[in-house]
Amino acid sequence: MVNLLQELNRETAGVIERVRSSLVEIRNSGGGVGSAVIWHSNGLLITNAHVIQRKGLEVRFRDGRILPARVLGYDDENDIAALGVEGHDLPVAEIGDSRELRPGQCVFALGNPWGVIGSVTAGIVVGTDGAGSNMRADDREWIVVDLQLRPGNSGGPLVDVGGRLVGINTMISGPEVGLAVPTHVVQGFLARLGESRMKQRDQADHNWLA
Amino acid sequence: MTEILSSLSNGLAGAVDAASPAVVRVEARPRLAGSGIVWNPEGIIVTAQHIIEREDNLKVGLPDGRTVPAVLVGADQATDLAVLRAEAKDLTPAGWAEAANTRVGHLVLALGRPGRGVQATLGIVSALGEGWRTPAGGNVDRYLQTDVVMYPGFSGGPLVDVEGEALGLNTSAFRGVSLTIPLTTLRRVVDMILTFGRVRRGYGGVATQPVRLPEALAQQVGQETGLLVVSVEASSPADSAGVLLGDILVGLEGKPLRSLDELLASLSDDRIGVAMPLTIVRGGQARELTLTIGERS
C-alpha cells in the first residue's frame with residue numbers, strides 16, 4: 001500500500017518548489033526585509049503597502065539577482081502595493097480564484113520571516129468573511145488562516161494546494177492568526193491602478209498636444 | 001499531480017461543510033459573540049456557559065443567515081455548559097461521532113460561527129483520558145485535549161472529526177488548553193437542564209483542607225491524610241449531622257476521604273437525599289456521624 005503521508009510530503013514539497021520561484025525578497029534602505037510576489041513576467045510585483053513605506057527599495061530574486069524597484073501604486077486601506085522592476089520572462093505565480101475558497105481548505109504561506117528566505121508555513125482557511133468576525137473590527141475582505149505570520153512574511157504569496165495564488169499575506173494581526181488580502185481584491189486594485197495611470201497618460205498627452 | 005494533497009484539502013473543507021449547518025452564533029455578551037451547537041430540530045442549542053453574560057436579549061445566528069431570539073433554559077457553571085431555546089424550527093442537529101474511534105494523533109477541526117460564516121481551525125487530538133473533574137466540581141466523562149487554536153468566539157462550537165461528525169463541545173474555560181466536553185457529558189447535562197432547569201449537585205456544607213494525620217491515628221484509620229474542617233455552614237447537611245470546626249473527615253460510606261477530590265466525587269446528583277455514615281476524627285478519636293447529602297442551590 002502506498003504510504004499516504006509520504007506521498008503527501010512529496011506532493012507538498014513539489015507544490016512549494018514550484019511556487020517559490022515567484023517569491024521575491026524586498027529590501028529597503030533601512031535594512032528591512034519583506035516579501036513580494038511576481039504577478040506578471042514583465043516585472044510587475046505585488047506586495048503589502050506597509051512593506052514599501054521606506055525609500056531605496058530593492059528586489060532580490062531567487063536566482064540571486066538584485067534589481068531596484070519603483071512604486072507603481074499602493075492602497076493603504078487594503079494594504080497592497082504594486083512595484084515595477086526592469087525584467088522580462090520572470091517566473092510568475094499562477095493566479096487562483098480567492099472567491100472559491102472554503103473554510104477548511106489547506107493553504108501555504110511563503111515568505112522571508114525574520115529574514116529566513118523562502119520559508120513556508122502550512123495551515124487551513126479559517127474563514128473568508130473577516131467582516132463580522134471577532135478577528136478584526138472592520139468590513140474589509142480578508143482571508144483568515146490558522147497559521148503564524150512573522151515580520152518578513154508580509155507581501156508574500158498565500159497559495160492553495162494546486163500552488164495557485166489566492167492571497168497576499170499581511171502580518172498585521174494576532175500571534176496565532178494570519179490575514180491575507182484575497183487575490184480578487186488585488187485584481188480590483190490593479191484595475192483601478194491601470195485606469196488612473198491611463199488617465200494620467202491621457203492628461204500628459206493632452207498637455208503635450210496643447 | 002497533487003492528488004493526495006487535494007483530497008486532504010477538499011476532505012477538510014467537506015467536513016466543515018457537513019458540520020456547519022449545526023453550528024450557530026450565540027449573542028449573549030457585549031461585542032464578542034460565541035458559538036453553539038444545534039442539539040435538536042426544535043431549537044435547543046447547547047453552548048458554553050462562560051459566553052453567556054446576560055439572561056435577556058439573547059440571540060442565535062442561524063446558518064441560513066437569520067438571527068432569532070432565544071431564551072436561557074439553564075446553565076451549569078461547573079461543566080461550562082448552557083442550554084438555550086431558539087425561536088426556530090426544523091434546525092439541523094449535529095451528527096455525533098462514535099467516541100471510541102478517536103485516537104491521539106487524529107486530525108480534528110474546531111468550528112465556530114463568531115460572524116456570519118462558519119470558521120474552522122485544524123489540529124490533532126493531543127490527549128485522551130479518563131473522566132475528570134473541573135475546578136468547580138463538574139464531572140466530565142472523558143478527557144479530550146487538542147492543539148486546535150481557540151479563536152475568540154469559538155467557545156461553544158463543536159470539535160469535529162474528518163467526516164464532519166462532532167466529538168463534543170469546545171471550551172477554553174479550563175486549564176488554559178483546548179478541551180472538549182464529550183457527548184456523554186453533554187447528554188447528561190442537557191437532559192438534566194431540560195428536565196429540572198438546572199444541574200443538581202450534591203452539597204455537604206463544609207470547607208475543608210487536606211491534612212496529614214498523626215502516625216498513630218493514620219495507623220488506626222488506615223490512611224495518611226484526611227480533610228480538616230475549617231468552616232461549617234449554618235443549617236447545612238454537615239451542621240445537621242453534628243460536624244464541628246476542627247473535625248477531620250476521614251471516610252464517607254465506608255470509602256476513604258483523603259483528598260478534596262474524593263469528597264467532591266461523593267457529592268454527585270444521585271446521592272442527594274441519601275443518608276450515609278461519615279467517619280471523622282475528633283479529639284484524637286475516630287467516630288461516626290450520619291450525613292444526609294443536600295442539594296446545592
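Predicted model: local features only at pLDDT ≥ 70, side-chain atom pairs only at ≥ 80, totals over all residues.

Residues are numbered from 1 along each chain as its sequence is written, and chains are lettered from A and ligands numbered from 1 in the order in which they are written. The model scores ipTM 0.82 and pTM 0.82.

A start can be made with the make-up of each chain. Helices (H or I, at least four residues) and strands (E, at least two) are here DSSP runs, numbered from the N terminus; chain A has two helices and 13 strands, and chain B has five helices and 22 strands. Along its principal axes, the C-alpha trace of chain B spans about 75 × 45 × 30 Å. A residue is called buried if 20 or more other C-beta atoms lie within 10 Å of its own, exposed if 12 or fewer, and partly exposed in between, with the C-beta atoms placed from the backbone. By this count, 46% of the 210 residues of chain A are buried, and in chain B buried residues make up 44% of the 297 residues.

Two residues are in contact if their C-beta atoms, placed from the backbone, lie within 7 Å. If one takes the contacts in chain A between residues at least 6 apart in sequence, 60% of them join residues at least 24 apart, and for chain B the corresponding value is 60%.

The next topic is the interior. A nonpolar core is a set of buried Ala, Val, Leu, Ile, Met, Phe, Trp, Tyr and Cys residues joined through C-beta atoms within 7 Å. The largest such core has 118 residues, and those with the most contacts inside it are A:Val37, A:Leu45, A:Val107, A:Val145, B:Ile37, B:Ile45 and B:Leu109. Helix 1 of chain B (residues 3-19) gives the most to this core, with seven residues. Apart from this core lies another, of 16 residues, among them B:Leu257, B:Leu278, B:Ile280 and B:Leu291.

How many residues of chain A are in contact with chain B? There are 26 of them, and they are in contact with 25 residues of chain B. The elements of chain A that give two or more residues to this side are helix 1 (4-20) and strand 9 (119-127), and helix 1 of chain A gives the most, with six residues. Counting Ala, Val, Leu, Ile, Met, Phe, Trp, Tyr, Cys and Pro as nonpolar, Asp, Glu, Lys and Arg as charged, and the others, Gly among them, as polar, the side of chain A that touches chain B has 11 nonpolar, nine polar and six charged residues.

Helix 1 of chain A also meets helix 1 of chain B: their axes come within 7 Å and cross at roughly 100°. Axes are lines fitted to C-alpha atoms, for helices over the stretch in contact, and angles run from 0 to 180 degrees between N-to-C directions. Angles under 35 degrees count as roughly parallel, over 145 as roughly antiparallel, 65 to 115 as roughly perpendicular and the rest as oblique, so helix 1 of chain A is roughly perpendicular to helix 1 of chain B. The contact is made by A:Leu4, A:Glu7, A:Leu8, A:Glu11, A:Thr12 and A:Val15 on one helix and by B:Ile4, B:Leu5 and B:Leu8 on the other.

Finally, some loop residues deserve a look. B:Asn57, in the loop between strand 3 (44-48) and strand 4 (58-61) of chain B, has a positive phi of about 60° although it is not a glycine, and B:Asn57 counts as exposed because it has 9 C-beta neighbours inside 10 Å. A:Glu141 is found in the loop between strand 9 and strand 10 (143-145) of chain A; A:Glu141 and A:Val181 are 40 residues apart in sequence and 7.1 Å apart in space, C-alpha to C-alpha.
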